[in-house]
Amino acid sequence: MTEAKPDIPVVIVGGGPVGLFLAICLIKKGIECRVLERRKDPVPDSRSLGIHPVSLEIFDELGITKPFLEAGLKIRKGIAFTENRKLGEISFENGPLPHNYILACPQFTTEKILREDLTKLDSNALITGANFEHLHEYGHSVEVLYSVNEKATQRITSNFIIGCDGKNSKVRKAASIHYSGKRYPDTYIMGDFEDTTEFGPDAAVFLPKTGLIECFPLPNGMRRWVVKTDHYIKEPNKELLSSAIKTRIGYDISMAKNTMLSSFGVQHFTAEVFSKGKVLLAGDAAHVVSPIGGQGMNLGWLGAWKLSEILSGDTTSETLKAYSKNHKKIAAKVARRAEMNMMLGRASKNPAFKNLFLNFLLRTPLKKKVARLFTMRDLNRFGF
């Protein structure tokens, strides 16, 4: 078969936060693209929350920050506790302006804003109800097979296809890119509740003997609670979560309005390469890290931003291999700090040493370093 002439420079499979963001980056750089997204609408729940300063700085460059600031809530401080006493706190306000905070914004809002921004740039860019089927590479182009609303298979050719279709990526599998890693024993339940605490816009982390409890403020007077469990809870319920919180740290949220509940386990998987021929990977299709610490979505955005830089300039195989190598290093760094967060949150019969260590970190000048880690300031997004 003769090589197909590309119809469009880039096809993105997956229209979640990373795929939508990548499309906006590309179009802003003058690169036309199409996003194939299976879902008709944004996700219906809050899921990923934290938008970190490094991401907001890129949003500034793209001119898309304003609606996020209008919809989100600025978290400027995090406080750490044992069962009954304060260990210390870290402030993000000493970071560079203007984004000296972490922005809490539910994923359904994030996706809604990104969809609207993308549609304003190109009303044809996002194709919903689209199911990726397969791909064929032909030298300098790639043919993408997909269907819309379960109808006949359609074909589109492009210079590159980018898999942003999650940890079970069909694009990655079609390109025969190996995906390896491990599952951790750590499990959690989480839920969004009406905020009845005194923490206001601050985040709080509790480290009782029986395991981690986190709570983060959300817009509209809500708060996300995350509770470490001994095993995976297949069917979590409000009573189970509120009882664990009351037993471990004394907070009673049993009468608070609840809008979301879920259980999750933790895993770390990475694709062998993020670039293979005309196939590129970003977001969870390339790497999955623990959500404890809230850096996975932002890691995906950093990789997507760098990809857009490459695709607007030097797209030689050497440059793409360098992207793969360097972004894998960043993903590994984020995964290691997520592992540390999980370790600190595990149940402990004798937590005295752990508490002493945290007290030292949070009550000495080292807390500035901790703040940089939490806000991803130590990741050099320019240093590829």
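Modeller: Gladly! Let's begin with Ser176, which is exposed, with a relative accessible area of 59%. Please keep in mind that this is a predicted model.

Biologist: What makes Ser176 count as exposed?

Modeller: The cut-off for exposed is over 50%. Ser176 has a relative accessible area of 59%, so Ser176 is exposed. You will find Ser176 in the loop between helix H5 (170-174) and E12.

Biologist: What is the phi of Ser176?

Modeller: The phi of Ser176 is near 55 degrees, a positive value in a residue other than glycine. Most residues other than glycine have a negative phi.

Biologist: Which peptide bond is cis?

Modeller: The one that joins Leu97 and Pro98, where omega is about 5 degrees. Most peptide bonds are trans. Pro98 lies in the loop between E6 and strand E7 (102-104).

Biologist: Let's turn to the aromatic rings. What makes Phe21 and Trp301 a tilted pair?

Modeller: Two values settle that. Phe21 and Trp301 are 5.8 Å centre to centre with 45 degrees between the planes, so they form a pair and the pair is tilted. Phe21 lies in helix H1 and Trp301 in helix H7, so the pair ties together parts that are 280 residues apart in sequence. Both Phe21 and Trp301 are buried.

Biologist: And why are Phe81 and Phe206 called stacked?

Modeller: Their ring centres are 4.9 Å apart and their planes are at 15 degrees; stacked needs planes under 30 degrees apart, so the pair is stacked. Phe81 belongs to strand E5 (residues 77-81) and Phe206 to strand E13, so this pair ties together parts that are 125 residues apart in sequence.

Biologist: How do you know that Phe81 and Phe206 are buried?

Modeller: Buried means under 20% relative accessible area. Phe81 has 16% relative accessibility, so Phe81 counts as buried. Phe206 has a relative accessible area of 3%, so Phe206 is buried too. Ring pairs also link Phe81, Phe199, Phe206, Trp225 and Tyr251 into a cluster. The structure holds 13 aromatic pairs.

Biologist: What makes you say that the charged end of Lys278 sits over the ring of Phe160?

Modeller: The distance part of the cut-off is within 6 Å of the ring centre, and the charge must also be within 35 degrees of the ring normal. The charged end of Lys278 is 4.4 Å from the centre of the Phe160 ring and sits over that ring. Likewise, the charged end of Lys228 sits over the ring of Tyr188, 5.7 Å from its centre.

Biologist: What makes E6 an edge strand?

Modeller: The open sheet has eight strands in the order E6-E5-E13-E14-E15-E12-E16-E19, with mixed pairing. Strand E6 (86-91) and strand E19 (287-288) each pair on one side only, and they are the edge strands. E6 is joined to E5 by five antiparallel bridges, and the two form a hairpin with four residues between them.

Biologist: One last one: how does the span of H4 compare with the expected value?

Modeller: Helix H4 (residues 107-121) has 15 residues and reaches 21 Å from its first C-alpha to its last, close to the 21 Å expected at 1.5 Å a residue. Among the buried residues of H4 are Ile113, Leu114 and Leu118.

Conventions: Residues numbered from 1 in each chain as written. Predicted model: local features only at pLDDT ≥ 70, side-chain atom pairs only at ≥ 80, totals over all residues. Heavy atoms only, no water. Expected span 1.5 Å × (residues − 1). Buried < 20%, exposed > 50% of the residue type's maximum accessible area, 1.4 Å probe, protein only. Pairing = 2+ DSSP bridges. Phe/Tyr/Trp six-rings, centres within 6.5 Å; stacked < 30°, edge-to-face > 60°.
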